[in-house]
Amino acid sequence: MKKLLFLLFITTLSFAQTETITAIKAGKLFDSERGIFVDNQTIIIKNNIISEVGSNLKIPANATVIDLSKQTILPGLIDCHTHITSQPENYMEDLFRKSPIDIAVTAHIYAKRTLEAGFTTCRDVGSIEYVDIALRNAINAGKIVGPRLYVAGPYIGATGSHGDMNGFSPYVKIHQIGSVADGVDEIRKQVRTNIKYGADLIKFGATAGVLTEEESVGAPQYSQEEMNVMVEEATMWGKKVAAHAHGTEGIKRAVKAGVASIEHGSFIDDEGIQLMKQKGTYLVADIYNDDYILAEYAKLGFPQKIIEKERLVGRTQRENFQKAAKAGVKIAYGTDSGVYPHGDNAKQFFYMVKYGLTPAQAIQAATINAADLIGAKDKIGSISAGKFADIIAVDGNPEQDITVIEKKLTFIMKDGVVYKK
Ligand SMILES: [Zn+2]
């Protein structure tokens, strides 16, 4: 008993010794819950958790003080649509000369770049094999540097869909774990398999896509029954579902099935917008990367067919984003990073403001709304007591010029650890 008490004493002592207190003096601070900027705030952080936020707070004598009183402080940013494990280098080489092992050994580079862009959390929606799960685990264990990740594992799609290999001879066989599932039984099995290996959410293809060689951009690729089962099965395991959906009909099927978010949403119509409002479905529209694809993808060897599809989609997607936002559909920030180079995730803020959001709404999309979509609103998405100390600072005023987030990032803290100062 004495020995136990002694051990308890030692443990308590070592806890007391390792508790670090940090105080951040904030100039302007973005209150993401209320969508307003407030002045003269102090943030007190104990280890990795925010313990107090307010004006005229007493700073503890043993605190390390970080003076950001001339900066604008924002919650750590959240990108809800990344493919953080890779990015395109050459169409044919990426498809035929790289294996999942090549992807696995380089993924950490992109994770670091993403964090260094101020994104302290990402929802990663589709990775080859289970590289995303290994990456998430290595980041959580502190072995490598990157954002906290919520990951989907392999994208689930029908035979011939956006999630399948398209445009090649039937004699070209590529070994691929999971991802192709047809009919309700295979869908249930694939959902369960992804969850078994550690997926935090399920991502599936409700309609055709742009960056693969199937003919259509927007045709539905699962029946209503199949989508219903996708959501029903994931829900049973306590997981949310994200649907890749460009096409008008597929968007509606996915919303009716009960997905948490529509990714892309390019050809949404008024009925789809009303359905999303009724169901509280988030729209995650990647409205920056069109510029990058049209400027760079021919050089990367992508077939003209794919580039033409992008030309068809990009502009319409931006206009429909504006319509949906104006109608009051819930918006979360998601960029499809990995389609363009990782680390440029903040470039989309400019387009979200150009296409109808106020700067405050755009930042809410990338903080509190994103946290809500992920299901982690109790841990991230605002600078408030009890949440992880995920905090960034920028020079200048994003209310007047939203691009300061991409151009003038001066400070990054994730989980209480400073990565940029
Ligand atoms: Zn994507």
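Mentor: A residue counts as buried if 20 or more other C-beta atoms lie within 10 Å of its own. This is a predicted model.

Trainee: Which residues of α9 are buried?

Mentor: In helix α9, residues 289-296, these are Asn289, Asp290 and Ile293.

Trainee: Why are they on the same side of α9?

Mentor: They cover an arc of only 105° around the axis, and therefore share one side of α9.

Trainee: And what do the buried residues of α9 pack against?

Mentor: They pack against α10, residues 304-327.

Trainee: Turning to the open sheet, what is the order of its three strands?

Mentor: The order is β5-β6-β7, with parallel pairing. β5 (77-82) and β7 (148-151) are the edge strands, each pairing on one side only. On average, neighbouring strands of this sheet are turned by 15° against each other, direction ignored.

Trainee: How many bridges link β5 and β6?

Mentor: β5 pairs with β6, residues 119-124, over four bridges in the parallel sense. Asp79 stands opposite Cys122 in β6.

Trainee: Which strands does helix α4 touch?

Mentor: Helix α4 (residues 131-140) packs on the sheet and touches β6 and β7. The direction of α4 makes about 150° with that of β7.

Trainee: Now the domains: where are they?

Mentor: Domain 1 covers 21-75 + 383-420, and domain 2 covers 77-374. Their centres, taken over C-alpha atoms, are separated by 30 Å. The contact takes 20 residues from domain 1 and 19 residues from domain 2.

Trainee: Which element gives the most to the side of domain 1 that touches domain 2?

Mentor: That is β14, with three residues. The residues on this side of domain 1 divide into eleven nonpolar, three polar and six charged.

Conventions: Residues are numbered from 1 along each chain as its sequence is written. This is a predicted model: local features need pLDDT of at least 70, side-chain atom pairs count only at pLDDT 80 or more; totals for chains, interfaces and linings use all residues. A residue is buried if 20 or more other C-beta atoms lie within 10 Å of its own, exposed if 12 or fewer, and partly exposed in between; C-beta atoms are placed from the backbone. Helices (H or I, at least four residues) and strands (E, at least two) are DSSP runs, numbered from the N terminus. The arc is that of the directions from the helix axis to the C-beta atoms. Two residues are in contact if their C-beta atoms, placed from the backbone, lie within 7 Å. Two strands pair if DSSP finds at least two bridges between them. Axes are lines fitted to C-alpha atoms, for helices over the stretch in contact, and angles run from 0 to 180 degrees between N-to-C directions. Domain bounds come from an automatic or database domain assignment. Ala, Val, Leu, Ile, Met, Phe, Trp, Tyr, Cys and Pro count as nonpolar, Asp, Glu, Lys and Arg as charged, and the others, Gly among them, as polar.
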